Amino acid sequence: MLVVGFGSGPLQANCYLLAEAAGGPCVVVDPGQEVAGPLAAALAEHRLVPAALVATHGHPDHVASAASLSAEHGVPLHLHPADAPLHDGASVPLETGTFAGLDIDVRPSPGHTPGSVVLVLETAEGGRLALTGDTLFAGSVGRGDVADAVRELLAGLPDDTVVLPGHGPATTIGRERAGNPFLAGTGA
């Protein structure tokens, strides 16, 4: 599996490209502010073509470029219906399914926004990814008052699951269980 990520915009929100391999269709996750340049470079470098745009939630730092990218590539933005009012462009409901050949499990994680989701998928190589948007970060959570819900949401994920957050560096579920003050010692 090919995973390409980069920060963009004033808040350095992470945008990710997910594909089975270079030279094919991809999913663009969280096409936020000022992604056009870095996204075009990554698409060209890896010979990828967007097959879907997916948002972990509807805040502008995660969806600001969606309307222009949707028009440019002829693909819709998939967004949880509860966050549709936050986005001033068109979107289709985001549900568990197959995007660009990748099976993505959409897990609702309301709290940061009403329609926040975590995207979980297994790689062909046997790994597991969790794209957590602004629900879980390396060393923190999006909102402390929903930490119990975050623990419940992540309870079934193995420690070696790679977490690709909406901001900041990647981490693993095991690292967060051991050291995140909101999750530590819970065995979540």
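Buried here means under 20% relative accessible area. Keep that cut-off handy for these exercises on a predicted model.

**Exercise 1. Cysteines**

Work out how many disulfides the structure holds, and whether Cys26 is buried or exposed.

*Solution.* Start with the cut-off: a disulfide needs two cysteine sulfur atoms within 2.5 Å. Take Cys15 next: the nearest cysteine sulfur belongs to Cys26 and sits 9.1 Å away, so Cys15 is in no disulfide. As for burial, Cys26 has a relative accessible area of 0%, so it's buried. Cys15 also comes out buried, at 0% relative accessibility.

**Exercise 2. Salt bridges**

Find the salt-bridge partner of Asp148, and say how the two residues are placed in their helix.

*Solution.* Look at the side chains: Asp148 pairs with Arg151, at 1.9 Å from N to O. Now the helix: both residues lie in α4 (residues 147-154), and because they are 3 residues apart, about one helical turn separates them. Asp148 itself is exposed, at 54% relative accessibility. This pair is one of 5 salt bridges.

**Exercise 3. Arg175**

*Solution.* Third, check Asp160, 15 residues apart along the chain: its C-alpha is 8.6 Å from that of Arg175. Finally, Arg175 is exposed, at 51% relative accessibility.

Conventions: Residues are numbered from 1 along each chain as its sequence is written. This is a predicted model: local features need pLDDT of at least 70, side-chain atom pairs count only at pLDDT 80 or more; totals for chains, interfaces and linings use all residues. Side-chain values use heavy atoms; hydrogens and water are left out. Buried means under 20% relative accessible area, exposed over 50%, partly exposed in between (1.4 Å probe, protein chains only). A salt bridge is a side-chain nitrogen of Lys or Arg within 4 Å of a carboxyl oxygen of Asp or Glu. Helices (H or I, at least four residues) and strands (E, at least two) are DSSP runs, numbered from the N terminus.
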